[in-house]
Amino acid sequence: SLNNLAALYLTMGAYEKAQPLYLQAKEIRAKTLGEEHSDFAASLNNLAALYLTMGAYEKAQPLYLQAKEIRAKTLGEEHSDFAASLNNLAA
């Protein structure tokens, strides 16, 4: 999948290859699932993690915040993915 290939590139440090794949995956999920779906939140989280690794904190933070809000609404604040969102913001 796009996310898996992007994750591989991220691990390899090939950020310029990972970014367009994460962006494409995010757009596909937005169109097919909607921007309030937990899988869309996962795409936001993945892209934010890339930006964090690249040192682009100003790009990562709003994506982490958006993912947290979606997860709170769709999964609830007791879900492990919501807790992961809080952890990402604290890091």
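Which residues of helix α5 (residues 80–90) are buried? The legends below take up this question first. The model is predicted, with local features requiring pLDDT of at least 70 and side-chain atom pairs counted only at pLDDT 80 or more, while totals for chains, interfaces and linings use all residues. Residues are numbered from 1 along each chain as its sequence is written, and side-chain values use heavy atoms, with hydrogens and water left out.

View 1. F82, S85 and N88 are the buried residues of α5, where buried means under 20% relative accessible area, exposed over 50% and partly exposed in between (1.4 Å probe, protein chains only). They cover an arc of only 115° around the axis, which puts them on the same side of α5; the arc is that of the directions from the helix axis to the C-beta atoms. S80, N87 and A90 are exposed on the other side of α5. Helices (H or I, at least four residues) are DSSP runs, numbered from the N terminus. The buried residues of α5 pack against α3 (38–54) and α4 (57–74), contact meaning heavy atoms within 4.5 Å.

View 2. With 18 residues, α4 reaches 26 Å from its first C-alpha to its last, close to the 26 Å expected at 1.5 Å a residue, the expected span being 1.5 Å times one less than the number of residues. A60, L63, Y64, A67, K68, I70 and R71 are buried in α4. They cover an arc of only 170° around the axis, which puts them on the same side of α4, and the buried residues of α4 pack against α3 and α5. E58 and K73 are exposed on the face of α4 turned away from its buried side.

**View 3. Salt bridges of the model.** The structure holds 3 salt bridges, each defined as a side-chain nitrogen of Lys or Arg within 4 Å of a carboxyl oxygen of Asp or Glu. One of them joins the side chains of E36 and K73 (3.8 Å, N to O). E36 lies in the loop between α2 (15–33) and α3 and K73 in helix α4, so the pair ties together parts that are 37 residues apart in sequence. E36 is partly exposed, with a relative accessible area of 45%, whereas K73 counts as exposed at 62% relative accessibility. Another salt bridge links E69 and K68 (2.7 Å, N to O); E69 is partly exposed, at 39% relative accessible area, and K68 is buried, at 16%.

Notes
Helices (H or I, at least four residues) and strands (E, at least two) are DSSP runs, numbered from the N terminus.
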